[in-house]
Amino acid sequence: MELANTLSQDGESKGGVLAHLERLETQVSRCRKKLEEPQSAQAVESALGTRIHELRRLRDKLRAEVKQHQARVKASTTNVEPDQTLEITEQEILKRKRENVKAILQAYRFTGISGKLTSRGVCVCISTAFEGNLLDSYFVDLVMQKPPQIHHHSIPVFIPLEEISAKYLQTNIQHFLFTLCEYLNAYSGRKYQADRLQSDFAAFLAGPLQRNSLCNLLSFTYKAEPEGQSFPFCARLLYKDLTTTLPTDVTVTYQGTDALSTTREEQRAAHENLFFTKPLHQVFTSFARKGDKLDMSLVS
């Protein structure tokens with residue numbers, strides 16, 4: 001009985017010791033982790049500090065390089081005079097303008113505008129035409145400076161060249177050339193019609209053809225039949241728009257001594273309408289083909 005009690009006491013004693021040892025080991029483990037945590041934090045802090053130091057070193061290096069570059073740029077610009085810089089800029093602008101004019105001439109080479117580059121700028125040739133007939137040619141020698149200027153030209157004095165250049169030359173060379181071409185073609189077309197009337201249809205005229213230098217005001221007396229005995233008509237054609245080849249105002253009167261008959265009034269009105277809508281030589285071609293009986297297909 002005593003032996004059993006002793007064994008029982010010894011078992012309890014050993015169990016208590018083991019439990020105590022386990023508690024001690026747990027405490028030791030906790031203590032060890034607490035001791036390791038500061039060491040780990042210190043390692044991370046040390047690594048971050050090294051990285052920060054490296055980044056600061058790189059920052060200082062980049063700052064130094066930027067300062068050196070700025071100093072070199074400042075030194076190079078100091079050696080260039082302001083006028084020289086401005087001159088270079090203007091030269092580039094003028095070069096671009098010459099290239100632009102060259103491109104315009106290439107684009108308009110089939111419209112009667114041609115030209116070639118010169119040492120000063122460009123010489124432009126404008127060839128006029130009317131109804132497929134090549135007429136006169138004119139040139140304009142442009143100096144591509146700032147601002148562009150006209151050096152020489154063969155434009156007739158009654159063409160408003162100064163007005164056109166003042167309006168377009170400084171801002172839009174393409175528009176300047178196009179507008180000038182319109183004026184010259186219209187003038188050549190009006191002159192061509194007046195010349196044809198005098199040369200090909202002189203038999204219809206009852207007197208000289210009167211015209212001004214711009215050929216925008218024509219007046220003449222004519223007969224609808226070259227061999228007829230009828231009284232002539234008087235025509236006055238005014239071209240207010242200098243870029244057109246058809247008149248804007250037409251007046252046809254009858255010079256008969258008797259009162260104007262209904263037939264003559266119809267004839268006068270038909271002539272007036274023809275002059276409004278057809279070139280002069282086409283109108284008189286109709287007179288020649290039909291005589292006193294107008295080709296009414298031309299009137300419509």
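Analyst: Buried means under 20% relative accessible area, exposed means over 50%, and partly exposed lies in between, with a 1.4 Å probe and protein chains only. This is a predicted model, in which local features need pLDDT of at least 70 and side-chain atom pairs count only at pLDDT 80 or more, while totals for chains, interfaces and linings use all residues. Residues are numbered from 1 along each chain as its sequence is written, and side-chain values use heavy atoms, with hydrogens and water left out.

User: Why is Asn-216 called buried?

Analyst: Asn-216 has a relative accessible area of 13%, and because the limit for buried is under 20%, Asn-216 counts as buried.

User: What makes the link between the side chains of Asn-216 and Asn-212 a polar contact?

Analyst: The two side chains are joined at 2.5 Å, and a polar contact is a pair of N or O atoms within 3.5 Å, where within protein one must be able to donate a hydrogen and the other to accept it, and residues adjacent in sequence count only if both atoms are side-chain atoms.

User: Why is Glu-131 called partly exposed?

Analyst: The relative accessibility of Glu-131 is 42%, which falls between the limits for buried and exposed, so Glu-131 counts as partly exposed. Glu-131 also has a positive phi of about 50° although it is not a glycine.

User: Is Cys-215 buried or exposed, and why?

Analyst: Cys-215 counts as buried because its relative accessibility is 3%. Its phi is near 55°, a positive value in a residue other than glycine.
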